[in-house]
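The sequence and structure are shown first.

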Amino acid sequence: MTTTYQSDLLRLLSERGYIHQMTDAAALDALAAKQVVPGYIGFDPTAASLHVGNLVQVMMLRRLQQAGHKPVVLMGGGTGKIGDPSFKDEARKLSSEETIAANIAGIQRIFERFLTFGDGASDAVMVNNADWLDKLEYIPFLREVGQHFSVNRMLSFDSVKLRLDREQSLSFLEFNYMILQGYDFRELARRSGVRLQMGGSDQWGNIVNGVELARRMDGAEVFGVTTPLLTTASGEKMGKTVAGAVWLHEDQLPHFDYWQFWRNTDDRDVGRFLRLFTDLPLDEIARLESLGGAEINEAKKVLANAATAMCRGEDAAREAAETARRTFEEGAAGDTLPTIAASGAIALVDALVGLGFAASKGEARRLIKGGGARIDGEKVADEAATVTIAGQPVRISAGKKHHGIVVPA
C-alpha cells in the first residue's frame, strides 16, 4: 500500500525510494506542508572525501532543498575525535585536530556541488559540532544530559550488541558517542531551529535518542527519517569494489573510474539508482529501466553521465564517456584511464596492483590464473608475465570492466 503524503518533501522522498523509518510521519508531513523545515545529517570527517556509500545521505539533503526546505550539513569536528562505533568491528583510529580540519575542508568542496549554500530560507549551511562539544564541561554535562539516557537501553541497541555479542572491545569513549549525537540534535534545534534529522538505517537508535532528548530537555517536537540499508542486487555493500572505496572527490578517484563505477551497475539496480542518484524525471526513469537486453546498457550510460555530471561536472562526464567510447568501441587507449608509469618493463602483477585492480600480488596472481587479466586485449595466463613498454602506452584490463594504462616513465 502506497502512502499519500500532503507535503512535497515526503512525496519526493517516498517516490524516489529514500524512506525506511520515520518517528512521526503524520506530524512531519503536516509540518513540511506548512513551513520550511531545517533538516540535518551528520558526517564525521574520517577522510578527505566522502565516498559513494555516503551518497544517499548527500542526496537526501539535496532532495530536502529541492522540496523547498533548508539543508544543514553537520560536520563532526567534535564527534570525529571519537568515531561512530555503530556496526563497526573495532574502534576507529583517532585523528589529529589538523587532520580533521583538513578533511572537513575537502568534504565541504563536495557538498558545494550538490547543494546551494547561502543566507536564504532554503539555502544550505554547514556547521561543526566542535563549536559546542569542545566547550562542554564533564560534570555539568553528565548532570544535565546524562540523566536522560538509560544504560540498559543503550546496551540494547543493535550497534552496541553486535560488538558485545562478538566479545569485541567497546571503549567508554565510543560508548559516549550516542549521547553526544543525541545532544547534537537538541543543540541544533535550540541554535538553528532544526526540526529533522536524517540518516542511514544504522543511525535509527541514535536519531531516536536525539528526538527524545529534545523532548525531555526542551519540550521540543523534532523528527527523524532513515534511509534503507543500500546494497546492490548481488547483495554487496554499495560503493565497495575490488579496488577499494569509490571516492566522490577527483583527488582520490579519477573521473573515468567514477563514471565507470556507475556504468558497471547491475541491470537490476539501474532504475533504483537512477531514482536515488540522479535528477531525471520519474517517467523517463521508468522508460529507461524497462529497456531489455543490450538496450539496458544505454540506460547505464545515462546513469553514469548524470551521476558523474552531478558530482564531477558536465565536462568530466563528457570526457569520461568519450574515453569509454574510444576504449571499448574503438579499442583505443583513452587518456583519462587510471595510469602508472614504468621504464622498459613491469611485472603484470605489479601493474595490476599499481592500477588498483588487485589489493596484493597474491590477488593479482589469482586474477591472472583465473583468466581475468589482459594486456592490450590479449588474455594472459602466465603469472610471471611482464608488460613491455616500447615507447607506447599499454592497456591493462582486469575482467571486462576495469581498464588502465601503463605509460613510459
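## Overall architecture

Of the 409 residues of the protein chain, 48% count as buried. The model is predicted. Its secondary structure comprises 18 helices and 15 strands. The radius of gyration is 24 Å, close to the 22 Å given by the globule rule for 409 residues, so the chain is as compact as a globular protein of that length.

Along the principal axes, the C-alpha atoms fill a box of roughly 70 × 50 × 40 Å. Among contacts in the chain with a separation of 6 or more, 72% are accounted for by residues 24 or more positions apart. The accessible surface comes to about 18900 Å², and carbon and sulfur atoms contribute 49% of that area.

## Aromatic pairs around Trp262

The chain has eight aromatic pairs, counted by ring centres within 6.5 Å. One of them joins Tyr258 and Trp262 in an edge-to-face arrangement, with 6.1 Å from centre to centre and 75 degrees between the planes. Both residues belong to helix α12 (residues 255-263), where a spacing of four residues separates them by about one helical turn. Tyr258 has 0% relative accessibility and therefore counts as buried; Trp262, also at 0%, is buried as well.

Trp262 forms a further edge-to-face pair with Phe273, at 6.1 Å centre to centre and 85 degrees between the planes. Because Trp262 lies in helix α12 and Phe273 in helix α13 (residues 270-277), this pair ties together parts that are 11 residues apart in sequence. Phe273, like Trp262, is buried.

Tyr258, Phe261, Trp262, Phe273 and Phe277 make up one aromatic cluster.

## Nonpolar cores

The largest nonpolar core contains 68 residues, and within this core Trp262 and Phe277 touch the most other members. Helix α15 (residues 296-312) supplies the largest share of the core, with eight residues.

When neighbours within four places in sequence are set aside, the contacts of Phe277 include Tyr18, Leu55, Val56, Met59 and Arg63. Leu230, Met238, Trp262, Ala307 and Met310 are also in contact with Phe277. Another core lies apart from the largest one and has 28 residues, among them Val72, Val160, Ala189 and Val194.

Notes: Residues are numbered from 1 along each chain as its sequence is written. This is a predicted model: local features need pLDDT of at least 70, side-chain atom pairs count only at pLDDT 80 or more; totals for chains, interfaces and linings use all residues. Side-chain values use heavy atoms; hydrogens and water are left out. Rings of Phe, Tyr and Trp (its six-membered ring) pair if their centres lie within 6.5 Å; planes under 30 degrees apart count as stacked, over 60 as edge-to-face and the rest as tilted. Helices (H or I, at least four residues) and strands (E, at least two) are DSSP runs, numbered from the N terminus. Buried means under 20% relative accessible area, exposed over 50%, partly exposed in between (1.4 Å probe, protein chains only). A nonpolar core is a set of buried Ala, Val, Leu, Ile, Met, Phe, Trp, Tyr and Cys residues joined through side-chain atoms within 4.5 Å. Contact means heavy atoms within 4.5 Å. The radius of gyration is taken over C-alpha atoms; the globule rule is 2.2 Å times the number of residues to the power 0.38. Accessible areas come from the Shrake-Rupley method with a 1.4 Å probe; for residues, only the protein chains shown count as cover.
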